[in-house]
Amino acid sequence: MCGIAGIVSLQNVNQDLYDALTVLQHRGQDAAGIVTCENGRLHLRKDNGLTRDVFTTEQMVKLKGNMGIAHARYPTAGCSSSSEAQPFYVNSPFGITLAHNGNLTNTEQLKKELFIEDQRHLNTNSDSEVLLNIFAHELQQLGKLELNKNDLFKAVEGVHRRCKGAYAVVIMIPNIGIIGFRDPHGIRPIVFGERKSEQGSEFMIASESVALDALGFELVRDIDPGEAVYIEESGKLHTQQCSELSDHCPCIFEYVYFARPDSIIDNISVYKARLRMGDKLAEKILREWPDHDIDVIIPIPDTSRTSALQMAHTLGVKFREGFIKNRYIGRTFIMPGQQMRKKSVRQKLNAIGLEFEGKNVLLVDDSIVRGTTSEQIIQMARDKGAKKVYFASAAPAVRYPNVYGIDMPAAHELIAHNRTEAEIGTAIGADKMIYQDLEDLIDAVHKGNTDIKHFDTSCFDHQYVTGDIDESYLQHIEALRNDTAQTDRNIETATIDMHNNAK
């Protein structure tokens with residue numbers, strides 16, 4: 001999962017892009033990058049780390065230009081090499097830069113095509129570089145020295161024709177403008193907005209609407225599945241549908257965990273969707289456990305707070321903040337490597353003893369992936385004197401890998417894989433385990449926009465909406481994502497980075 005942004009402005013965009021990345025930081029903490037365009041010349045800064053660490057004042061001053069794109073990276077295959085920080089750049093044709101959120105599912109096939117047929121060289125293992133070169137090749141095939149909107153839309157059509165999987169993309173071409181587009185299923189989110197002034201209109205494309213809000217842009221709408229939005233360097237806006245219409249299937253995990261609650265994705269308020277998740281979970285408890293003995297409901301900060309608060313309201317049970325979060329520690333789910341995740345939980349959370357002592361506590365989290373964090377948090381509650389510790393998840397059991405841009409691990413590393421709910425509860429040390437039903441989760445999100453008929457729920461039900469995922473592909477993903485492979489890659493990356501820094 002990554003955060004992307006692109007701005008065509010009437011003034012320098014460096015500060016706006018920096019601010020956009022800080023607002024989208026929750027989508028990726030591995031690396032950050034900004035590229036701007038000034039009189040046809042590109043200025044790029046990118047590196048590993050948080051936005052605030054990657055950019056100094058001196059570097060920001062060099063990012064001149066009224067047009068630019070930005071990226072906050074979260075590695076879906078566990079690699080943390082600075083060489084894979086985005087935006088990516090390719091010289092031919094025209095000089096194109098790209099920022100991408102998502103994951104292509106036919107990357108290996110495309111790599112072969114690019115080398116054998118398109119005669120293009122790839123410098124990283126990133127599928128984003130593959131996507132960039134596909135777009136560049138489609139433009140080059142037109143054989144034109146000057147581009148118009150139809151040429152750009154035709155290149156996007158070529159991307160849709162060749163690329164499978166999930167992708168939300170912003171591309172910048174010097175002296176041309178910025179293009180944003182979305183895969184034909186609309187799996188990953190992307191929106192655009194407008195900021196008006198006496199001098200004219202400025203446009204912004206971003207992963208989430210909160211980035212627009214923070215910079216004073218008014219949300220126009222989501223980019224439709226398969227659609228492309230082209231903003232000329234002069235500020236003129238063009239849109240066009242560039243693919244055969246597919247079933248719109250946004251990723252439901254955006255609403256569960258990844259997106260900020262103040263975002264609106266596909267006309268669905270993330271905040272309200274999470275409130276409805278809390279209602280649904282409370283209704284399940286009342287239906288299946290009417291004589292419950294829950295004394296207090298405590299959220300696992302921060303994503304589950306909205307659902308937990310609504311659960312407490314519906315059940316008529318006290319809501320309390322029992323854990324205090326150290327906000328200088330990153331999201332553990334995003335961190336590569338099991339040892340790093342284990343170490344970070346106790347650093348990230350501290351329990352308030354008086355909220356646990358002698359009480360039957362229901363802990364509420366947005367989801368459970370590996371179960372490592374959940375197990376440690378339950379033990380923290382017991383250490384503080386909780387009499388009984390129940391655990392509820394606002395999402396169903398995550399039993400299968402996600403292949404569309406979320407680094408859910410190899411199937412055997414998922415706590416719910418091949419386990420019943422009772423067995424999961426035992427594994428993490430809970431006295432009782434309560435999961436959201438998938439139908440209730442879908443209904444909670446769907447009520448926000450009834451025009452959307454389906455969601456990508458593959459990590460819960462093994463139904464992959466692009467229709468091209470088989471067991472061999474899942475085995476390939478497992479080889480890339482298991483903790484052993486991630487540890488080996490991180491050691492290799494650290495060695496390479498040390499060598500490069502020593503030069």
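These notebook entries record what I looked up in a predicted model.

**Entry 1: helix α4**

I began with helix α4, residues 107-116, and asked which of its residues are buried. Thr-107, Leu-110, Lys-111, Glu-113 and Leu-114 are. They lie on the same side of α4, because they cover an arc of only 165 degrees around the axis. I noted the general rule that an α-helix has 3.6 residues a turn, so residues three or four places apart point the same way. On the other side of α4, I found Lys-112, Phe-115 and Ile-116 exposed. I then looked up what the buried residues of α4 pack against, and recorded β6 (96-104), α5 (127-140) and α6 (149-162).

**Entry 2: strand β16**

I turned to strand β16, residues 296-299, which is covered on both faces. Val-296 and Ile-298 are buried on one side, and Ile-297 and Pro-299 are buried on the other. I next checked its partners. β16 runs parallel to β17 (residues 318-319), joined by two bridges, and Ile-297 stands opposite Phe-319 of β17. β16 also runs parallel to β20 (residues 360-365), here with four bridges; Leu-363 in β20 is the bridge partner of Ile-298. With helix α10 (residues 305-315), β16 and β17 form a right-handed β-α-β unit.

**Entry 3: Tyr-464**

Where does Tyr-464 lie? I located Tyr-464 in the loop between α15 (458-461) and α16 (471-481). Tyr-464 counts as buried because its relative accessibility is 11%, under the 20% cut-off. Leaving aside neighbours within four places in sequence, I listed its contacts, among them Tyr-400, Pro-401, Tyr-404 and Leu-474. From C-alpha to C-alpha, Tyr-464 is 9.7 Å from Gly-165, although 299 residues separate the two in sequence.

Definitions and conventions
Residues numbered from 1 in each chain as written. Predicted model: local features only at pLDDT ≥ 70, side-chain atom pairs only at ≥ 80, totals over all residues. Heavy atoms only, no water. Buried < 20%, exposed > 50% of the residue type's maximum accessible area, 1.4 Å probe, protein only. Contact = heavy atoms within 4.5 Å. Arc of directions from axis to C-beta. Pairing = 2+ DSSP bridges. Right-handed = clockwise from strand over helix to strand, strands pointing away.
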